[in-house]
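Dear colleague,

Please find below the structure I am handing over to you, followed by an account of what was found in it.

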Amino acid sequence: GADVIFAERQGAIAAAKETGVLAFGDMVDQHEEAPDHVVTGTLWNMRPVVDHAVARVAAGEVVAEDLGRFCTLAAGGVDLAPWHGGEKKLPADVLALVEQKRAALVAGTLTLEISADEPPAGDAPAD
């Protein structure tokens with residue numbers, strides 16, 4: 001019954017293809033799995049984390065630290081996958097909002113709180 005799927009787990013892209021809904025991939029560009037259904041998705045780039053870790057080791061500064069700051073759009077640790085024409089499947093105002101928020105994240109003028117906490121019951125989507 002979903003209109004859109006976020007493919008955070010194995011099988012989500014296949015389900016989108018099978019049911020005809022749109023999907024957003026996760027971690028890698030999943031366009032090739034279902035070209036008519038994958039709009040875009042998140043990309044994870046480990047290069048900023050690896051470069052920092054190697055530099056710290058080379059400098060003899062091996063310490064425990066939170067590397068989350070390298071996993072942001074501003075640091076180049078994440079991005080959106082290519083649209084592959086998927087942008088044509090979104091309303092113009094939604095696409096404009098995505099681009100506006102992406103630019104603010106890259107510029108560092110918008111930051112998102114990251115939490116592994118379970119969301120409060122009131123934040124659950126309505127059935």
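I begin with a charged pair: Arg47 forms a salt bridge with Asp51, the closest N and O atoms being 3.2 Å apart. A salt bridge here is a side-chain nitrogen of Lys or Arg within 4 Å of a carboxyl oxygen of Asp or Glu. Both Arg47 and Asp51 lie in helix 2 (residues 47-58), 4 residues apart, about one turn of the helix. Helices (H or I, at least four residues) and strands (E, at least two) are DSSP runs, numbered from the N terminus. Asp51 is partly exposed, with a relative accessible area of 40%. For these classes, buried means under 20% relative accessible area, exposed over 50%, and partly exposed in between (1.4 Å probe, protein chains only).

Please note that this is a predicted model, in which local features need pLDDT of at least 70 and side-chain atom pairs count only at pLDDT 80 or more, while totals for chains, interfaces and linings use all residues. Residues are numbered from 1 along each chain as its sequence is written, and side-chain values use heavy atoms, with hydrogens and water left out.

The salt-bridge count comes to 6. Arg56 takes part in two of the pairings described here: with Glu61, the closest N and O atoms are 3.4 Å apart, and with Glu65 the N to O distance is 3.6 Å. Arg56 is partly exposed at 22% relative accessible area, as are Glu61 at 41% and Glu65 at 30%. Through shared partners, salt bridges join Arg56, Glu61, Glu65 and Arg69 into one network. Side chains of opposite charge can pair when their charged atoms come close.

Turning to the overall fold, the protein has 3 helices and 4 strands, which run β-α-β-β-α-β-α from the N terminus on. Its C-alpha trace spans about 55 × 35 × 30 Å along the principal axes. The radius of gyration is 17 Å, whereas a compact globule of 127 residues would have one near 14 Å; the value is taken over C-alpha atoms, and the globule rule is 2.2 Å times the number of residues to the power 0.38. Of the 127 residues, 23% count as buried.

The largest nonpolar core has 9 residues: Ile5, Ala7, Ala12, Ile13, Ala16, Val21, Ala23, Ala34 and Val38. Helix 1 (residues 12-19) gives the most to this core, with 3 residues. Such a core is a set of buried Ala, Val, Leu, Ile, Met, Phe, Trp, Tyr and Cys residues joined through side-chain atoms within 4.5 Å. Leaving aside residues up to four places away in sequence, Ala16 touches Ile5, Val21, Leu22, Ala23 and His37, where contact means heavy atoms within 4.5 Å.

On the surface, Met27, Val28, Trp44, Met46, Val50 and Val54 form a nonpolar patch with about 510 Å² of accessible area together. Patches are made of residues with over 30% relative accessible area and no salt bridge, like charges being joined within 9 Å and nonpolar side chains (Val, Leu, Ile, Met, Phe, Trp, Tyr) within 5 Å. Accessible areas come from the Shrake-Rupley method with a 1.4 Å probe; for residues, only the protein chains shown count as cover. Val28 sits in the loop between strand 2 (22-25) and strand 3 (38-44).

Finally, Val94 is found in helix 3 (residues 92-107) and is partly exposed, with a relative accessible area of 36%.

Yours sincerely
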